[in-house]
Amino acid sequence: MCEHCGATRLTERLEVHHIRALKDLRRYEGREKPDWVKIMAARRRKTLVLCRTCHQKLHAGRPLQHKRSHSRTGLS
């Protein structure tokens, strides 16, 4: 399941975003940190499982805007 929007492997292809070290998250100090940086820092993890859409936005430098929706997570 995408750790940002909640898409499951049944609805979208999942990919893993990886950073070399947690200290790499510090390069965002002094400005507003992107959501994905906040998530990784809070969890103290070097990986983040994302759907292809979220992963492409992350690498393009665009904000990850879509949030969890019932249709994407399979909840009724």
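## Basis of the model

This is a predicted model, in which local features need pLDDT of at least 70 and side-chain atom pairs count only at pLDDT 80 or more, while totals for chains, interfaces and linings use all residues. Residues are numbered from 1 along each chain as its sequence is written, and side-chain values use heavy atoms, with hydrogens and water left out.

## Overall architecture

The secondary structure comes to 3 helices and 2 strands, which follow the pattern β-α-β-α-α when read along the sequence. Helices (H or I, at least four residues) and strands (E, at least two) are DSSP runs, numbered from the N terminus.

Of the 76 residues of the protein, 36% count as buried, where buried means under 20% relative accessible area, exposed over 50%, and partly exposed in between (1.4 Å probe, protein chains only). The protein exposes about 5,400 Å², of which carbon and sulfur atoms supply 49%; accessible areas come from the Shrake-Rupley method with a 1.4 Å probe, and for residues only the protein chains shown count as cover. Among contacts (heavy atoms within 4.5 Å) between residues at least 6 apart in sequence, 65% join residues at least 24 apart.

Just after α1, Arg44 takes a positive phi of about 50°.

The largest nonpolar core has 16 residues, among which Cys2, Trp36 and Cys54 touch the most other members. A nonpolar core is a set of buried Ala, Val, Leu, Ile, Met, Phe, Trp, Tyr and Cys residues joined through side-chain atoms within 4.5 Å. At least two residues of this core come from each of α1, β2 and α2, and α1 gives the most, with 4 residues.

## Salt bridges

Side chains of opposite charge can pair when their charged atoms come close. With a salt bridge taken as a side-chain nitrogen of Lys or Arg within 4 Å of a carboxyl oxygen of Asp or Glu, the count comes to 5 salt bridges. In one of them, the side chains of Arg45 and Glu3 meet at 3.1 Å, N to O. This pair links distant parts of the chain, since Arg45 lies in the loop between α1 and β2 and Glu3 in the segment before β1, 42 residues apart. Arg45 counts as partly exposed at 28% relative accessibility, whereas Glu3 is buried, with a relative accessible area of 18%.

The side chains of Arg13 and Glu15 also meet in a salt bridge, at 3.9 Å from N to O; here Arg13 counts as exposed at 56% relative accessibility, while Glu15 counts as buried at 13%. A further salt bridge joins the side chains of Glu32 and Lys38 (2.6 Å, N to O), with Glu32 exposed at 63% relative accessibility and Lys38 partly exposed, with a relative accessible area of 38%. Salt bridges that share partners also join Glu3, Arg43 and Arg45 into one network.
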